[in-house]
Amino acid sequence: MEAERVPAAEIRRLEACLDYHFTRPELLLRALTHRSAAHERSGNRRTRLSVARRGAGSNERLEFIGDRVLGLVMAEWLIERFPDEQEGALGPRHAHLVSRTVLAQVAHEMQLQSALDVAEHEARAGVRQMATVLADAVEAVLGALYLDGGLDPARAFVRRMWREAITAQARPPKDPKTALQEWVLGRGLPLPQYRVVSSDGPSHAPRFVIAVDAQGKTGQGIAGSKRAAESDAASDLLRQLGVDSQAAITTNRKGQGQ
C-alpha cells in the first residue's frame, strides 16, 4: 500500500491510541485499507475483478485473524471477571462484546473513520461511517497489532478500549435473536423470518448478508457466518423497533462468533 494514502499524522495518532509503535508499519497500513481502495489501485480490468473477488491487498485477512484474537482475549477476560458464571451466561456476554455494535463504538472512540483508506467514490458515498466497515477495521487493526507484537499488546488494547462496555454488563445480555423472538411472540406476531440476501467472499473469509422482517420493518446484518449475520440483523431490527434487549433481562431473565 502507498503510505501517502493514509497521512503520517494519522498513523502516529493511531499508534498513540494503541499505545504501541509498529516495527512493521505496513501491517497497520494494510489494516486501514478497505477493499474498495485495493480494487481502485489494481491494474487492468481483469486484475481489478480478481482483486474485488478475493479482497487481495485489503484488510480482510487481518480482519480474519483479528476476529479470532478478539474472541480469545475477550473469553479470557470474561472467565477472569466472572468466575462464578457458566457458559450459558458467559456466551451472551461474549457475543455482545464482540458484536458489530460494540466494535463500531470502539472505532468511533479511536476516530478510526478518519484514517481509513477507501476509494474516492466509496468515500463520497459515506462508507467510512458504516458500522460494518468500522467494525471490520477495528478487527483488522487488532490483527495487525497481534502479528506485529504478539498477544500482550493486543490484550492491553482490548482491555483498555472495551473496559466501559464490559463494566456496563451488570447482567448477561440476551441474544438478539432470542430478544426479537420474545418481543414478537409477546405481541401475537408471526415468528421472525430470516433470509439470505447475499453471500460472497473467499472461503477463508466469507461474507453473509441476512435480513429479517417484523412489524413492517426490516433489519439487516453482515458478518462472516450466517449465525453472526442473523444476530446482527436481529439487533438492527430491535433498534428500529425501539426495543432494548438488555433492559428486557430485568423482566424476563433467562454468542455466537464470526
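## Basis of the description

Helices (H or I, at least four residues) and strands (E, at least two) are DSSP runs, numbered from the N terminus. The model is predicted: local features need pLDDT of at least 70, side-chain atom pairs count only at pLDDT 80 or more, and totals for chains, interfaces and linings use all residues. Residues are numbered from 1 along each chain as its sequence is written, and side-chain values use heavy atoms, with hydrogens and water left out.

## Residues with positive phi

Most residues other than glycine have a negative phi. D19, a residue other than glycine, has a positive phi near 55°. D19 sits in the loop between α1 (8-18) and α2 (25-31). With a relative accessible area of 61%, D19 is exposed; exposed means over 50% relative accessible area, buried under 20%, and partly exposed in between (1.4 Å probe, protein chains only).

Q111 is not a glycine either, and its phi is positive at about 55°.

Helix α7 covers residues 100-110, and its buried residues include R100, V102, L103, A104, V106, A107 and M110. Q105 is also found in helix α7, but at 44% relative accessibility it counts as partly exposed. The C-alpha atoms of Q105 and A165 are 9.5 Å apart in space, while the two residues are 60 apart in sequence.

The axes of α7 and α9 are 8 Å apart and the helices pack at an angle of about 75°. Axes here are lines fitted to C-alpha atoms, for helices over the stretch in contact, and angles run from 0 to 180 degrees between N-to-C directions. The angle makes α7 roughly perpendicular to α9, where 65 to 115 degrees counts as roughly perpendicular, under 35 as roughly parallel, over 145 as roughly antiparallel and the rest as oblique. R100, L103, A104, V106, A107 and H108 of α7 meet A131, T132, L134, A135, V138 and E139 of α9; contact means heavy atoms within 4.5 Å. By class, this contact of α7 with α9 holds 8 nonpolar, 2 polar and 2 charged residues. Ala, Val, Leu, Ile, Met, Phe, Trp, Tyr, Cys and Pro count as nonpolar, Asp, Glu, Lys and Arg as charged, and the others, Gly among them, as polar.

## Contact of α5 with α10

Helix α5 (residues 60-81) packs against helix α10 (residues 151-161) at an angle of about 65°, with the axes 10 Å apart. α5 is therefore roughly perpendicular to α10. From α5, the contact takes in V69, L70, L72, V73, M74, E76, W77 and E80, and from α10, L151, A154, R155, V158 and R159. These residues of the contact of α5 with α10 divide into 9 nonpolar, no polar and 4 charged.

## Annotated positions

The UniProt annotation "active site", from an unreviewed entry, covers D67 and E139. They span 73 residues in sequence, yet no two of their C-alpha atoms are more than 5.5 Å apart, so they gather at one spot. UniProt positions are given in the numbering used here, feature names are shortened, and annotations may be inferred rather than shown by experiment.

D67 is placed in helix α5 and is buried, with a relative accessible area of 11%. E139 lies in helix α9 (residues 131-149) and is buried at a relative accessible area of 1%.
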